Structure formats: C-alpha cells, structure tokens
Amino acid sequence: MARLNVTVGRTALKNPLIAGPAEHLIEPDGVRRALRAGVGAVVVKSTNESERGRDQLQRAQYMLLDDQWREIPWSQAAPSTAFIACRSGLSPLRFEAWLEQTVQLDREARDAEAYAIASLIVADLAHTVSMAKQVEQAGLRILELNIGTPYASQAKGVVSTEFEPGRVEAIVSAVRKTVSIPLWVKITGQSERVPDLAAAAFRAGSEAVVMAGRLLGFIPDVETMQPFLGTTLGVGGYWNLPLTCYWLAMSRQQLGADKPLIATNGARSGLDVARMMLAGAGAVEMASAVMLRGTSVLSYALAELDAYLQRKGVAAADLVGVAADRRKSFAEMPLRADNWRKYVADWQPGVGED
Ligand SMILES: Cc1cc2nc3c(=O)[nH]c(=O)nc-3n(C[C@H](O)[C@H](O)[C@H](O)COP(=O)(O)O)c2cc1C
C-alpha cells in the first residue's frame with residue numbers, strides 16, 4: 001500500500017512500523033511472526049561481546065504494573081495502561097551465532113520487502129567496531145547502535161548510557177568509519193539534552209536517530225517495604241508517549257526536518273504511531289506492547305494506522321512533523337482571564353468572588 005510507504009535516510013520502508021527489540025525478538029520465530037504481521041522492519045534483540053550481558057538475561061526479571069503501581073499478572077488481557085518494569089540482558093547467543101541467525105532472518109525479511117536490522121549495544125568500543133564490520137561483511141543491510149540503554153550505571157562495562165555529546169560523537173564516528181550501511185543510533189531519554197545527543201550522532205554520520213531509550217526507575221512496594229524486583233528498574237510505558245513526542249518535536253526544531261528521527265518508548269497502537277509521526281518521527285518502533293500482548297498488536301496497529309490515513313486522506317509520509325511544526329510559543333497564546341478557576345475541583349461559581 002503506497003499510502004504507508006516512508007523513507008528513513010537511504011532506506012525505503014513499506015510502512016513506518018518497526019518491531020523494536022526485546023525478548024520476543026530473541027528467537028527466529030519471534031522475528032518471523034513480526035515479519036508476517038507486515039511491519040516495515042524488525043530490529044532483532046541486541047548483542048555485544050560481553051559475557052556478563054548474556055548472563056544478565058538469565059538473571060533478568062520482569063513485572064507488570066497497573067496505574068496504582070501495583071503488580072498485576074503478566075497477561076495479554078492486562079489493562080491497556082499496564083506497563084513493564086524490568087532488568088533485561090542481551091541475546092543469549094554468542095556473537096557468531098547471533099550474526100548467522102540475523103543474516104538468515106534478513107534474507108527472509110527481504111522476501112517480505114522488509115528488513116531484519118542488526119542491533120549492537122556498545123560495551124567496549126573496539127569490540128563494537130569489530131562487530132559492526134562483521135555485520136556489514138555478513139551482508140546485513142542496516143545497523144542500529146544502542147548507546148542509550150537504561151542500565152549502564154547499574155551494569156558497568158556491559159552496556160552504555162551516553163550522556164555527553166562529545167562521547168556520542170566519538171563512538172558514532174568510530175563505527176561510521178568502519179561501515180557504510182545505514183547506521184541508526186538509539187540514544188537515551190534520561191537526559192535534558194536529547195536533541196544535543198541526536199545532533200552529535202548526526203554530526204558523526206548517523207543516518208537516523210532513535211529516541212529515546214527507557215528510563216531508570218525505582219518503585220517501593222508498600223506491602224513489603226522493599227524495592228520492586230529488589231533494585232533499580234528499567235521503566236517505560238504508555239505514559240512516556242508525551243515525552244517521546246516532546247523530544248521528537250524539540251529535535252526536529254533544533255536539527256531541521258531533514259534529519260531522520262525514529263520514535264521509541266510508549267507506542268501501543270496505530271494512532272500512537274500517528275502521534276509520534278506528527279511529532280517528527282519518520283518511523284516508529286514498538287516493543288513492550290508486542291512482548292506482552294503478542295504479534296497481533298503489530299497487525300492491529302498497521303490496520304489502525306491505515307484506516308486513520310484513509311480517513312484523513314493523507315499518506316504516512318505526510319504526517320512527519322506536522323504537529324511539531326505547528327507548535328506555538330507560550331507567548332503566542334491568547335489571554336484567558338481567570339480561566340484557571342474552572343479547573344479547581346472545589347471552586348464553586350460565585351462563592352468567594354469579589
Ligand atoms: C524486556 C525488554 C528488553 C529490551 N531489550 C532491548 C534490546 O535488546 N535492545 C534495545 O535496543 N532495546 C531493548 N529494549 C528497549 C525497547 O526496544 C524499547 O526501546 C523500549 O522498551 C521503549 O519502547 P516501547 O514502549 O515500545 O517498549 C528492551 C525493552 C524491554 C522492555
């Protein structure tokens with residue numbers, strides 16, 4: 001359907017929905033299911049050289065929370081506001097096996113006019129550079145480099161959370177010098193400088209920037225008085241969508257409309273994809289909703305997005321940045337004298353007024 005076509009840098013995607021990496025994309029069948037759902041691309045579960053990263057997966061813990069911060073059963077039928085808190089790890093496969101598997105999946109993706117995208121998380125840069133080279137030599141067509149995991153402060157040397165534009169530039173330059181395939185860089189959302197981090201990634205030759213990674217949180221359990229899962233947690237959820245859209249809009253304003261942005265964090269539906277595109281994303285990754293509820297989330301999202309585009313009489317590519325470009329400054333907002341009164345729960349008209 002031409003209506004859904006988008007481009008991200010040099011890459012034409014049949015639609016803007018990308019299955020983002022999490023545990024459901026560790027095994028080939030998970031990736032195949034996502035491809036069958038019709039997504040434009042799948043980013044496979046990330047890897048790096050770190051034995052401890054693989055080990056972390058075997059120590060990983062996951063929980064589902066409701067809007068009262070209570071743990072609820074892990075179930076496809078969970079309320080739509082449920083969100084995942086967890087500690088995750090990396091693909092359990094050794095790099096060579098992961099590479100072989102990803103190459104095979106990308107071959108299958110090509111037949112579906114889609115992509116299986118390699119994903120490396122930086123631990124030691126020299127290893128990352130060497131793995132990036134092997135990714136390209138093996139014939140993979142796109143590399144996503146994650147330098148924005150939530151966990152680096154808790155798992156030193158295993159993953160990275162880069163907060164300094166200078167470091168982002170150095171890392172991305174080193175990888176860019178090594179590979180010529182499209183390089184997408186995933187940055188942290190735990191920063192007030194997301195657009196600066198994106199700018200650094202683009203300066204260093206990133207073709208698209210994925211924004212923004214989940215946050216590190218801490219949630220006390222009022223019953224046990226312990227932290228949930230015993231420690232700090234990676235958190236994200238539907239409630240993060242306004243922040244994702246904010247960073248997209250700010251980055252578009254700061255960097256210009258020609259810098260391809262990809263959204264991650266908080267998309268659950270086709271209309272969420274539209275929201276993130278209106279904020280400036282050229283494509284949108286969806287991960288935890290799919291891990292929790294299954295691949296049908298992807299096909300429903302595509303159908304919902306297509307119906308929305310039809311209803312609005314626009315193509316997906318036409319959505320990119322429309323709302324962001326219509327953003328006004330606070331100073332441009334009209335005067336609304338005493339408007340605030342209507343929003344105070346206990347205020348009654350006439351009572352207490354002069
Ligand atoms: C359990 C779990 C595992 C994840 N594993 C990876 C990973 O291996 N590589 C990566 O780049 N992101 C990983 N992520 C992050 C997601 O790809 C995504 O950026 C994040 O969850 C926010 O998007 P969402 O709201 O669609 O889930 C993981 C997220 C979760 C919840």
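This is a predicted model: local features need pLDDT of at least 70, side-chain atom pairs count only at pLDDT 80 or more; totals for chains, interfaces and linings use all residues.
Student: Which residues of E8 lie on each side?

Tutor: One side carries Tyr115, Ile117, Ser119 and Ile121. The other carries Ala116, Ala118 and Leu120. Both faces of E8 are covered.

Student: Which strands run parallel to E8?

Tutor: Strand E4, residues 41-43, pairs with E8 in the parallel sense over three bridges. Ala41 has Tyr115 of E8 as its bridge partner. Strand E9, residues 143-146, also runs parallel to E8, joined by four bridges. There, Ser119 is bridged to Glu144 of E9.

Student: Now the open sheet. What is the order of its five strands?

Tutor: The order is E6-E5-E7-E13-E12, and the pairing is antiparallel. Strands E6 (71-72) and E12 (215-217) stand at the edges. Each has a single partner strand, so one side of each lacks a neighbour in the sheet.

Student: How many bridges link E12 to E13?

Tutor: Three bridges pair E12 with strand E13, residues 233-235, in the antiparallel sense. Take Leu216: its bridge partner in E13 is Gly234.

Student: On to helices. What span should H7 have?

Tutor: Helix H7 covers residues 241-255. At 1.5 Å a residue, its 15 residues should span 21 Å. The end C-alpha atoms of H7 are 21 Å apart, which agrees.

Student: Which residues of H7 are buried, and what covers them?

Tutor: Keep the helical repeat in mind. An α-helix has 3.6 residues a turn, so residues three or four places apart point the same way. In H7 the buried residues are Thr244, Cys245, Trp247, Leu248, Ala249, Ser251, Arg252 and Leu255. Their cover includes helices H6 (194-203), H8 (270-278) and H12 (322-325). Strands E11 (208-211) and E14 (261-263) also contribute to that cover.

Student: How do I describe the packing of H7 with H8?

Tutor: Two packed helices are described by the angle between their axes and the distance between the axes. The axes of H7 and H8 come within 8 Å and cross at roughly 30 degrees. That makes H7 roughly parallel to H8. From H7, the contact uses Leu241, Thr244, Cys245 and Leu248. From H8, Asp272, Arg275 and Met276 take part. By class, this contact of H7 with H8 has four nonpolar, one polar and two charged residues.

Student: What follows H7?

Tutor: Gly256 follows H7, with a positive phi near 100 degrees. The loop between H7 and E14 holds Asp258.

Student: Is Asp258 buried or exposed?

Tutor: Count neighbours. Asp258 has 8 C-beta neighbours inside 10 Å, so Asp258 counts as exposed. For a sense of position, Asp258 and Gly148 lie 23 Å apart, C-alpha to C-alpha. In sequence, 110 residues separate Asp258 from Gly148.

Student: Back to H6. How many of its ten residues are buried?

Tutor: Seven, and H6 is mostly covered. The buried residues of H6 are Val194, Pro195, Leu197, Ala198, Ala200, Ala201 and Phe202. They pack against helix H5 (165-178), strand E10 (183-186), E11 and H7.

Student: Which residue just after H6 takes a positive phi?

Tutor: Gly205, with a phi of about 105 degrees.

Methods. Residues are numbered from 1 along each chain as its sequence is written. Two strands pair if DSSP finds at least two bridges between them. Helices (H or I, at least four residues) and strands (E, at least two) are DSSP runs, numbered from the N terminus. The expected span of a helix is 1.5 Å times one less than its number of residues. A residue is buried if 20 or more other C-beta atoms lie within 10 Å of its own, exposed if 12 or fewer, and partly exposed in between; C-beta atoms are placed from the backbone. Two residues are in contact if their C-beta atoms, placed from the backbone, lie within 7 Å. Axes are lines fitted to C-alpha atoms, for helices over the stretch in contact, and angles run from 0 to 180 degrees between N-to-C directions. Angles under 35 degrees count as roughly parallel, over 145 as roughly antiparallel, 65 to 115 as roughly perpendicular and the rest as oblique. Ala, Val, Leu, Ile, Met, Phe, Trp, Tyr, Cys and Pro count as nonpolar, Asp, Glu, Lys and Arg as charged, and the others, Gly among them, as polar.
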